[in-house]
Amino acid sequence: MTDFGPEHFIGGRLCIDFCNTADGRETRFADTLVEPADAVRWMTASGHWPDGEVAALDAYLADGSAWPRFHATAHDLREAIYHALTSRMRDGQPAAKALAGLAGHYRAMAGQAALITDAGGQTQLDWSGADAATRLLAPIVMDAVALLGEDNAVRLKQCDGERCGWLFLDTSKAGRRRWCDMATCGNVSKARRHAARKQPAR
Ligand SMILES: [Zn+2]
């Protein structure tokens, strides 16, 4: 079980943080969403959902029977977003296969949305009538679709850390951020370079 904390939410966007629930896709894959408690803890730690929504997912996953389907959907969605974002980063546009996968999730969830208008007159999507799984996953899908349509997408980067591969939006002025977190991957890399320099020349 993973204890999610602020260090797991460095992506700058909900959909990116969701991608970062797995490490090392290109090297040694490690998943942190492996049991129902992980999904509930991630949702809580993100701070994105009100307590009632977290409780609804917790109750939905409590007896274990809903988990295999939820896990498969969440996993498939996460990898579709990851591949859409990384192909956008690498090739300037998202891969058609990744977009098709994302569109499938979008279609399945959008049918459960309502539109509500708040006191300020702003209309937004409302998922309160959707099933518990959709209430967690739909905001992530919508965020990914939105991000792919924004200029912000050019700020998308991938951590250089070995076995990391986390994504983030580089909002630094110089645009030279290389690490998910200097305190983790950045320091490991620095320590490794330092050690390599100290090796006697042969
Ligand atoms: Zn990293």
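What is the handedness of the crossing of helix 5 and helix 6? In this predicted model, local features need pLDDT of at least 70 and side-chain atom pairs count only at pLDDT 80 or more, whereas totals for chains, interfaces and linings use all residues. Residues are numbered from 1 along each chain as its sequence is written.

The axes of helix 5 (residues 96-110) and helix 6 (residues 132-148) come within 10 Å and cross at roughly 130 degrees, the axes being lines fitted to C-alpha atoms over the stretch in contact, with angles from 0 to 180 degrees between N-to-C directions. The crossing is left-handed, that is, the near helix is turned anticlockwise from the far one by less than a right angle. Helices are DSSP runs of H or I with at least four residues, numbered from the N terminus.

On the helix 5 side, Leu-102, His-105, Tyr-106 and Met-109 meet residues of helix 6 that include Leu-137 and Ala-144, contact requiring C-beta atoms, placed from the backbone, within 7 Å. Beyond four places in sequence, Leu-137 touches Thr-73, Ala-74, Leu-77 and Met-109.

Leu-137 and Ala-144 are, with Ile-81, the residues with the most contacts inside the largest nonpolar core, which has 42 residues; such a core joins buried Ala, Val, Leu, Ile, Met, Phe, Trp, Tyr and Cys residues through C-beta atoms within 7 Å, buried denoting 20 or more other C-beta atoms within 10 Å of a residue's own. Helix 6 provides the largest share of this core, 9 residues.

Methods
Helix = DSSP H or I, 4+ residues; strand = E, 2+ residues; numbered from the N terminus. Contact = placed C-beta atoms within 7 Å. Buried ≥ 20, exposed ≤ 12 C-beta atoms within 10 Å, placed from the backbone.
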